[in-house]
Each structure stands twice: as C-alpha cells, then as structure tokens.
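Work through the exercises below with the sequence and the 3D view at hand. Try each task before reading its solution.

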Amino acid sequence: MSKKNNVDPKIAEIASNFKVSSLEEMNNIVNQLKKAFIENALNEEMTEHLGYEK
C-alpha cells in the first residue's frame, strides 16, 4: 500500500529551501517554525476575541 504525500505545495517549497547539516540544526528550524505558528495562531485568536487588531 503506497502512502500519498499530502504536503501542501507551499510547505514543500519552503522546506526545499532549507539545507541542514545536522539533526540539531533541523530541530532548531522545526522549533522556530512551531514557535512562529503558535504565536501567529494566538495573535489571530486574540484578534477574533477582541474584534479588532491589537
């Protein structure tokens, strides 16, 4: 059974621009992406809650 690649093309393009030389470097990039995603989600949630941009 083959597994489909369900990666968004935008994400695949961004990922292809990263050249990592170590697992530590890759983990650092992933952690930075997670942090940015969470901060963006929290800011959007606050905007929705307040009804206006902060």
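**Exercise 1. Find which helices supply the lining of the largest pocket, and list the lining residues.**

Solution. Step 1: α1 and α2 each supply at least two residues of this lining. Helices here are DSSP runs (H or I, at least four residues), numbered from the N terminus. The model is predicted, so local features need pLDDT of at least 70 and side-chain atom pairs count only at pLDDT 80 or more, while totals for chains, interfaces and linings use all residues. Residues are numbered from 1 along each chain as its sequence is written, and side-chain values use heavy atoms, with hydrogens and water left out.

Step 1: the lining consists of Ile11, Ile14, Ala15, Phe18, Val20, Met26, Ile29, Val30 and Leu33. On a 1 Å grid over the protein atoms alone, a pocket is an open set of points where a 1.4 Å probe fits, with protein on both sides within 12 Å along at least five of seven lines; lining residues have an atom within 4 Å of a point.

Step 2: α2 gives the largest share of the lining, 4 residues.

Step 3: the pocket's volume is about 180 Å³, a volume being the space filled by probe spheres set on the grid points, which are joined across faces, edges and corners.

**Exercise 2. Describe the nonpolar patch on the surface.**

Solution. Step 1: its members are Val7, Ile11, Ile14, Phe18, Val20, Leu23, Met26, Val30 and Leu33, with about 790 Å² of accessible area together. Such a patch joins nonpolar side chains (Val, Leu, Ile, Met, Phe, Trp, Tyr) within 5 Å, from residues with over 30% relative accessible area and no salt bridge. Areas come from the Shrake-Rupley method with a 1.4 Å probe; for residues, only the protein chains shown count as cover.

Step 1: α1 (9-16) and α2 (23-50) each supply at least two patch residues, and α2 gives the most, with 4.

Step 2: take Met26, found in helix α2. Met26 counts as partly exposed because its relative accessibility is 39% (buried is under 20%, exposed over 50%, partly exposed in between).

**Exercise 3. Check the length of α2.**

Solution. Step 1: at 1.5 Å a residue, the 28 residues of α2 should span 40 Å; the rule is 1.5 Å times one less than the number of residues.

Step 1: the end C-alpha atoms of α2 are 40 Å apart, which agrees.

Step 2: after α2 comes Gly51, with a positive phi near 90°.

Terms used
Patches are made of residues with over 30% relative accessible area and no salt bridge: like charges are joined within 9 Å, nonpolar side chains (Val, Leu, Ile, Met, Phe, Trp, Tyr) within 5 Å. A salt bridge is a side-chain nitrogen of Lys or Arg within 4 Å of a carboxyl oxygen of Asp or Glu. Buried means under 20% relative accessible area, exposed over 50%, partly exposed in between (1.4 Å probe, protein chains only).
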